[in-house]
Amino acid sequence: MFSDELNHPDAAARRDPVVPSAYRVINRHDETLDTSTLTLDAVGGRLPPFRPGQFMMLYARGVGEIPLSICGDPARGDGTVVHTVRAVGAVSHALREARVGEVVGVRGPFGRGWDLESAKDDLIIAAGGVGLAAVRSAVLAAVGTGYRFRRVVLAVGARRPSDLLYREDLVSWSGRGQVDVELAVDLPEPGWHGHVGFVTQILDRLDLEPTRTTVLLCGPEPMMRLSARTMIGKGIAPESIRVSLERNMQCGNGLCGHCQLGELLLCRDGPVVDYAVAGPLLGVREL
């Protein structure tokens, strides 16, 4: 059981960053056969607000803890947190199977986010697979009232159409004209009329103004490297390309060193890193 200390109304203000706070599952939405989105609310004191691109450490009681991107709307303001989890291991499987009413542990928020405040007029976002979870909060913020982007493009890649996350969001964003949504799949299914191929092919055909464009990338590292090279080839500076990196995060505070990537500790210096810094590191096989 979580201690009574975690349920005290002032717990968030005096919390130890290595001790999880108790949060209850108040909604679960199954995205695909192995992926679900959980909405969590604090049992006691709430954790601080988050910025798009940050992550939290989620603890499944008796199983373990993993980092997960925060994929909710940063402007929602009701203290809930939203995470999408794909079942790939023991902890993620336990969290993915969590039912409404179940209590999990939450620490955070941690890390550097997408820093939309410094982004340029045109925002190009590319995500592969479950990487869409890490950019969803950025899209929600970009179409909200806090930012005034001239253009927002979201290019999403998945293995199959049935693997696409947030399908209602994708339809809503596109239908309202808020976001230019472009989808790509590796393997089409009956009824699919969209692009078959790579996200990089979608990016390559975009008409861009390089000096007015910021790019956000999240997905498998090969996809991010190829996407970044495609954008650089279209004249966008590496400093205007931001990638969300994933390593073995354990503490969330830059203390344990498990998430080290070269000179970076990603739980502290990332997960979002400019490609001018990340590119050379991702090119080293041992890292």
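Which residue just after α3 takes a positive phi? The close-ups below, all from a predicted model, start from that spot and then move on to other parts of the structure.

**View 1. The end of helix α3.** Just after α3 comes G177, and this is the residue with the positive phi, about 75°.

View 2. Helix α3 covers residues 167-175, and its buried residues are D169, L170 and W173. Looking down the axis of α3, you would find these buried residues within an arc of 100°, so they line one face of the helix. What do they pack against? Their neighbours are α2 (132-142), β8 (151-158) and β9 (180-185). Now turn to the face of α3 directed away from the buried side: here sit the exposed residues E168, V171 and G175.

**View 3. An open sheet of six strands.** Follow the strands across the sheet and you meet them in the order β4-β3-β6-β1-β2-β5, with antiparallel pairing. Which strands stand at the edges? They are β4 (64-69) and β5 (81-86); each has a single partner strand, so one side of each is left without a neighbour in the sheet. From one strand to the next, the twist averages 40°.

**View 4. Strands β2 and β5 side by side.** Strand β2 takes in residues 35-42, and six bridges join it to β5 in the antiparallel sense. To pick out one of these links, find S36 and look across to V85 in β5, its bridge partner.

**View 5. G77 in its loop.** Between β4 and β5 runs a loop, and G77 has its place there. Is G77 buried or exposed? With a relative accessible area of 72%, G77 is exposed. For a sense of distance, compare the positions of G77 and R176: they are 99 residues apart in sequence, and their C-alpha atoms are 23 Å apart in space.

**View 6. The aromatic pair.** The structure holds one aromatic pair. Its members are F55 and F110, whose ring centres are 5.7 Å apart and whose planes meet at 45°, so the pair is tilted. F55 belongs to strand β3 (residues 55-60) and F110 to strand β6 (residues 103-110), so the pair ties together parts that are 55 residues apart in sequence. Both of these residues, F55 and F110, are buried.

Conventions: Residues numbered from 1 in each chain as written. Predicted model: local features only at pLDDT ≥ 70, side-chain atom pairs only at ≥ 80, totals over all residues. Heavy atoms only, no water. Buried < 20%, exposed > 50% of the residue type's maximum accessible area, 1.4 Å probe, protein only. Helix = DSSP H or I, 4+ residues; strand = E, 2+ residues; numbered from the N terminus. Arc of directions from axis to C-beta. Contact = heavy atoms within 4.5 Å. Pairing = 2+ DSSP bridges. Axes fitted to C-alpha atoms, helices over the stretch in contact; angles between N-to-C directions. Phe/Tyr/Trp six-rings, centres within 6.5 Å; stacked < 30°, edge-to-face > 60°.
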